[in-house]
Amino acid sequence: MTSGVVGVTSGVGLPRVLEPVGVLPQAAWRLDARAELAADEVRVRVSRLNLDAASFRQLSVKHGGDGAAVRAEVLEIVGTRGKMHNPVTGSGGMLIGVVEEVGPESLLPVKAGDRVATLVSLTLTPLVIDDGLAGWDGLSEQVPASGHAILFGRSVVAVLPDDLSPELALAVFDVCGAPALVDRVVRGYSGDVSVTVLGGAGKSGSLALTAARLAGARTRAVVVSEAERSMVIDHGLADRVAVVDARDPVAVAEAFETPATVTVVCVDVPGCEHGAILATAAGGTVIFFSMATSFSAAALGAEGLAADVTMLVGNGFVPGHAAFALDVVRRTPAVRALFEARVSAH
């Protein structure tokens, strides 16, 4: 299998696109997931998938919590599309495994035998599942699996750390773009900075709050229940906590006395765009870190509200984001305990 492309499009996986031809792998409907490698590709023997939160929620709700039905649909998606790309949410997740083979022209910093986590979405990763997901009950985002995946020349991958379990590392890597981007944005402001995180009790939300605090910001969390409020307080994640439905724009805007310098959306349900905009001060920044976000609703909502805010798509990649997220977890015992509890529950 040869790449057939040069220049800026080399290493992005174009030869793996089966339909429609001419788009990049993430936008493709179907990918070629054959095990044979191009010169710059890497094949990984998969041991676990981590489904994107929005994708897993959509599948679970659709099937009424029937794990067997969720498992069957994940297998159908992967078998049909050659990747885990939820056609409803447009999202996928990531995986961990062991490097099986490295193409002779690969520039990725891995070798055969390395235990790795992919830091690119499953929506663009050629994937084959060969065990029918027999070890998964369909009731959690983390999916024990056997199969293979293909990484391209420009994929992003990290060797798993020795001091964290693979399951814990996967949970951290799944959302590692959030704390790094929050840190960058917060440090771009001077003076007093406040950060409000919608969905502050979740994985990305808890890391975003912690990164903001470590960067010197005052932190505020919006959560959906008293149980989540207690968890955020018990783990010291935020200075202030409000129990509010993030889909209610007025309630979100009135949750705290003053608008935030930075608002981060980490809620895995749609309809949170307008509240986040209303809750952000003029000249502030809204970071959308949820695949449930409607970016047209965000853009048109900001226009309709005459909101002078910068809106960022949290694309999951910031240089050094994996190491940054691991450092946040290592430096913050409460956050590590929170992630370990989630992994244990799954």
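In what sense do strand β9 and strand β10 pair, and over how many bridges? In this predicted model, β9 (residues 194–198) and β10 (residues 218–223) pair in the parallel sense, and five bridges connect them. One of the paired positions is L198, whose bridge partner in β10 is V222. Strand β9 is mostly covered, five of its five residues being buried. In a regular strand the side chains alternate between the two faces of the sheet. For β9 both faces are covered, with S194, T196 and L198 buried on one side and V195 and V197 buried on the other.

At the level of the whole chain, the protein has 11 helices and 14 strands. Its radius of gyration is 20 Å, close to the 20 Å that the globule rule gives for 346 residues, so the protein is as compact as a globular protein of that length. The C-alpha trace spans about 60 × 40 × 40 Å along the principal axes. Of the 346 residues, 52% count as buried, and the protein exposes about 14,200 Å², of which carbon and sulfur atoms supply 54%. When contacts between residues at least 6 apart in sequence are considered, 69% of them join residues at least 24 apart.

Antiparallel pairing is found among strands β3, β4 and β5. Strand β3 (residues 42–51) pairs with strand β4 (residues 93–102) in the antiparallel sense over nine bridges, and L51 has G93 as its bridge partner in β4. Strand β4 is in turn joined by three bridges to strand β5 (residues 115–118), again with the two strands running antiparallel. Within this second pairing, the bridge partner of G97 in β5 is V116.

Two helical residues illustrate burial in separate elements. Q58 lies in helix α1, which covers residues 53–62. With a relative accessible area of 19%, Q58 falls under the 20% cut-off and is therefore counted as buried. Beyond residues up to four places away in sequence, Q58 touches N86, V88 and T89. The C-alpha atoms of Q58 and G153, which are 95 residues apart in sequence, are 32 Å apart in space. A298 is placed in helix α9, which covers residues 295–304, and it counts as buried at 3% relative accessibility. Leaving aside neighbours within four places in sequence, the contacts of A298 are with E273, I277, F288 and M311. A298 and H148 are 150 residues apart along the chain, and their C-alpha atoms are separated by 37 Å.

V128 counts as partly exposed, its relative accessibility being 29%. A separation of 41 Å is found between the C-alpha atoms of V128 and V244, which lie 116 residues apart along the chain.

The peptide bond from E19 to P20 is cis, with omega near -10°, and P20 is located in the loop between β1 (17–19) and β2 (30–31). L133, although not a glycine, has a positive phi of about 55°. The position of L133 is in the loop between β6 (127–129) and β7 (142–151), where L133 counts as buried at 0% relative accessibility. A positive phi, of about 50°, is also found at A306, which is not a glycine. A306 belongs to the loop between α9 and β14 (310–313). In contrast to the buried L133, A306 is exposed, with a relative accessible area of 69%.

Terms used. Residues numbered from 1 in each chain as written. Predicted model: local features only at pLDDT ≥ 70, side-chain atom pairs only at ≥ 80, totals over all residues. Heavy atoms only, no water. Helix = DSSP H or I, 4+ residues; strand = E, 2+ residues; numbered from the N terminus. Rg over C-alpha atoms; globule rule 2.2 N^0.38 Å. Buried < 20%, exposed > 50% of the residue type's maximum accessible area, 1.4 Å probe, protein only. Contact = heavy atoms within 4.5 Å. Areas by Shrake-Rupley, 256 points an atom, 1.4 Å probe, with all protein chains shown as cover. Pairing = 2+ DSSP bridges.
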